[in-house]
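Biologist: I am new to this structure and would like to learn how to read its features. Could we take them one at a time?

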Amino acid sequence: PRMYRAKLIPSARTKPFVEQFHIYGHGIANGVSEETHLRRVLHETAGLIGILILEDDEPKAMAMIVPGPVEDSHFNGQGIICTHLAGSGLGLAGMRCLHRALRYIARENDAQWYSMSHRVSRFEYRNRYFMIGDTP
């Protein structure tokens with residue numbers, strides 16, 4: 001069986017992984033050149049913390065989160081916001097690993113929720129909130 005685990009990557013060490021995984025981002029599928037896409041993603045993720053998802057010690061994907069819990073107008077309390085996710089072949093087990101990591105980080109930071117967006121269509125993204133204790 002494949003074994004997935006998550007590893008936190010400080011913002012100062014995320015660049016090599018952004019360079020590795022940005023090619024799987026939706027911008028490239030939408031026609032943005034790889035060079036422009038990389039530049040933009042590096043700018044957007046500056047100062048963010050990485051959650052590297054590994055399968056048997058091989059990096060498969062990386063999610064980026066805003067450092068520390070933040071307040072949001074949609075729910076009480078504070079939460080962890082996942083801003084980017086890109087990778088290859090993550091599958092259901094890899095996504096479960098990411099959700100476990102996000103719940104753990106939220107609990108460790110006394111957050112009541114975490115959020116992440118996903119692409120619905122070329123022009124639509126949905127932001128989903130997960131209350132701590134819920135199982136996605």
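Modeller: We start with strand pairing, where two strands pair if DSSP finds at least two bridges between them. The model is a predicted one. Strand 4 and strand 5 meet that rule with two bridges, in the antiparallel sense. They form a hairpin with six residues between them. In the turn, G77 has a positive phi of about 75 degrees.

Biologist: Which residue stands opposite Q78 in strand 5?

Modeller: E71 stands opposite Q78.

Biologist: How many bridges join strand 3 to strand 5, and in which sense do they run?

Modeller: Strand 3, residues 58-65, is joined to strand 5 by five bridges, and the two run antiparallel. A61 stands opposite G87 of strand 5 there.

Biologist: And strand 5 with strand 6: parallel or antiparallel?

Modeller: These two run parallel and are joined by four bridges. I81 has S115 in strand 6 as its bridge partner. Strand 5, helix 4 (residues 91-108) and strand 6 together make a right-handed β-α-β unit.

Biologist: How should I read a cysteine when I look for disulfides?

Modeller: A disulfide is a covalent bond between the sulfur atoms of two cysteines. The cut-off used here is 2.5 Å between the sulfur atoms.

Biologist: How many disulfides does that give?

Modeller: The count comes to zero. For C82, the closest cysteine sulfur is that of C97, and at 13 Å it is too far for a bond. C97 is in no disulfide either. C97 counts as buried, at 5% relative accessibility.

Biologist: Now the aromatic rings. What describes a pair?

Modeller: A pair of aromatic rings is described by the distance of the centres and the angle of the planes. A search of the whole structure finds three aromatic pairs. One of them is F75 with Y129, a tilted pair at 4.8 Å centre to centre and 50 degrees between the planes.

Biologist: Why does this pair tie together parts that are 54 residues apart in sequence?

Modeller: Because F75 lies in the loop between strand 4 and strand 5, whereas Y129 lies in strand 7, residues 124-131. F75 is partly exposed, with a relative accessible area of 35%. Y129 is buried, at 17%.

Biologist: Which residues pair in a stacked way?

Modeller: Y114 and F130 form a stacked pair, with 4.9 Å between the centres and 15 degrees between the planes. This pair links distant parts of the chain, with Y114 in strand 6 and F130 in strand 7, 16 residues apart. Y114 is buried, with a relative accessible area of 0%. F130 also counts as buried, at 6%.

Biologist: Which residues form an aromatic cluster?

Modeller: F75, W113 and Y129 form one such cluster.

Biologist: Last, the nonpolar core. Which residues of the largest one touch the most other members?

Modeller: That core has 19 residues, and I51, I53, I65, I80, L98 and L102 touch the most other members. Strand 2 (49-55), strand 3, strand 5, helix 4 and strand 6 each give it two or more residues. Helix 4 supplies the largest share, six residues.

Biologist: What does I53 touch?

Modeller: Not counting residues up to four places away in sequence, I53 touches residues including Y4, R5, A6, L90, G94, C97 and L98. Apart from this core lies another, of 11 residues, among them I9, V41, M64 and A86.

Conventions: Residues numbered from 1 in each chain as written. Predicted model: local features only at pLDDT ≥ 70, side-chain atom pairs only at ≥ 80, totals over all residues. Heavy atoms only, no water. Phe/Tyr/Trp six-rings, centres within 6.5 Å; stacked < 30°, edge-to-face > 60°. Buried < 20%, exposed > 50% of the residue type's maximum accessible area, 1.4 Å probe, protein only. Right-handed = clockwise from strand over helix to strand, strands pointing away. Core = buried A, V, L, I, M, F, W, Y, C linked by side-chain atoms within 4.5 Å. Contact = heavy atoms within 4.5 Å.
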